[in-house]
Amino acid sequence: MRLILIFLYYISINMFNNNKLSKTYVKFYVIIFVIIIIFGLFYSLIVYQFTKFEKVLTVEEKYTRYRRSGSNYNLVDTDGNIYQIDNLWFKFDYNRGDDYAKLKVGKQYKVKGYGFRFGFLESYQKIYEVEAA
């Protein structure tokens, strides 16, 4: 979102400060903007298709990570992997709170998820379905 705002700010400054902005630059900016919007909409779908998994894990710890823009429900398994419990918009699965409430420390669960751990971006594997094992 921040990238889009910076992009729009840059375009507006160029349009108002440069009266002779060519149509080529405007077309280029529009194309880049459309690509960013499309990528943003389909990022979760693309990552889901290439990284989905189903496994049985034992919950060692569960916690809520509070942030300015919202909170994240996380769990740690006995192997030390961290997962984020999340909704899946393209499957109309909006029950992350219910999934988090089902989890009990020390119990085994069959989970479905997707994603990868990307450390410096604070990206975790996401779990979207939880069942007792």
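This is a predicted model: local features need pLDDT of at least 70, side-chain atom pairs count only at pLDDT 80 or more; totals for chains, interfaces and linings use all residues.

Trainee: Okay, strands to start with. In what order do they run in the barrel?
Mentor: The order is E1-E2-E3-E5-E4, five strands making a closed barrel with mixed pairing. On average, neighbouring strands of this sheet are turned by 55° against each other, ignoring direction.

Trainee: What holds paired strands together in general?
Mentor: Strands of a sheet pair through backbone hydrogen bonds, and they can be parallel or antiparallel.

Trainee: And E4 and E5, are they parallel or antiparallel?
Mentor: Antiparallel: E4 covers residues 108-114, E5 covers residues 125-132, and six bridges join them. To find your place, look at Tyr-109, which sits opposite Ala-132 in E5.

Trainee: Switching topic, how much space is in the largest pocket?
Mentor: About 400 Å³. Its lining has 18 residues, and those nearest the centre are Tyr-43, Glu-122, Ser-123, Tyr-124 and Lys-126.

Trainee: Which element gives the largest share of that lining?
Mentor: Helix H2, residues 23-51, with three residues. By type, the lining splits into seven nonpolar, six polar and five charged residues.

Trainee: Now salt bridges. How many are there?
Mentor: The structure has three. One of them pairs Lys-110 with Glu-54, with the closest N and O atoms 3.1 Å apart. That pair links distant parts of the chain, since Lys-110 is in strand E4 and Glu-54 is in strand E1 (residues 53-66), 56 residues apart.

Trainee: Is Glu-54 buried, partly exposed or exposed?
Mentor: Partly exposed, with a relative accessible area of 47%. Lys-110 counts as partly exposed too, at 34%.

Trainee: Which partner does Lys-112 have?
Mentor: Glu-129, with the closest N and O atoms 3.7 Å apart. This pair also links distant parts of the chain: Lys-112 belongs to strand E4 and Glu-129 to strand E5, 17 residues apart.

Trainee: Why does Asp-99 count as buried?
Mentor: Because its relative accessible area is 2%, and buried means under 20%. Lys-102, at 43%, counts as partly exposed.

How values were computed. Residues are numbered from 1 along each chain as its sequence is written. Side-chain values use heavy atoms; hydrogens and water are left out. Two strands pair if DSSP finds at least two bridges between them. Helices (H or I, at least four residues) and strands (E, at least two) are DSSP runs, numbered from the N terminus. Axes are lines fitted to C-alpha atoms, for helices over the stretch in contact, and angles run from 0 to 180 degrees between N-to-C directions. On a 1 Å grid over the protein atoms alone, a cavity is a set of points where a 1.4 Å probe fits but cannot get out, and a pocket is an open set with protein on both sides within 12 Å along at least five of seven lines; lining residues have an atom within 4 Å of a point. Grid points are joined across faces, edges and corners, and a volume is the space filled by probe spheres set on the points. Ala, Val, Leu, Ile, Met, Phe, Trp, Tyr, Cys and Pro count as nonpolar, Asp, Glu, Lys and Arg as charged, and the others, Gly among them, as polar. A salt bridge is a side-chain nitrogen of Lys or Arg within 4 Å of a carboxyl oxygen of Asp or Glu. Buried means under 20% relative accessible area, exposed over 50%, partly exposed in between (1.4 Å probe, protein chains only).
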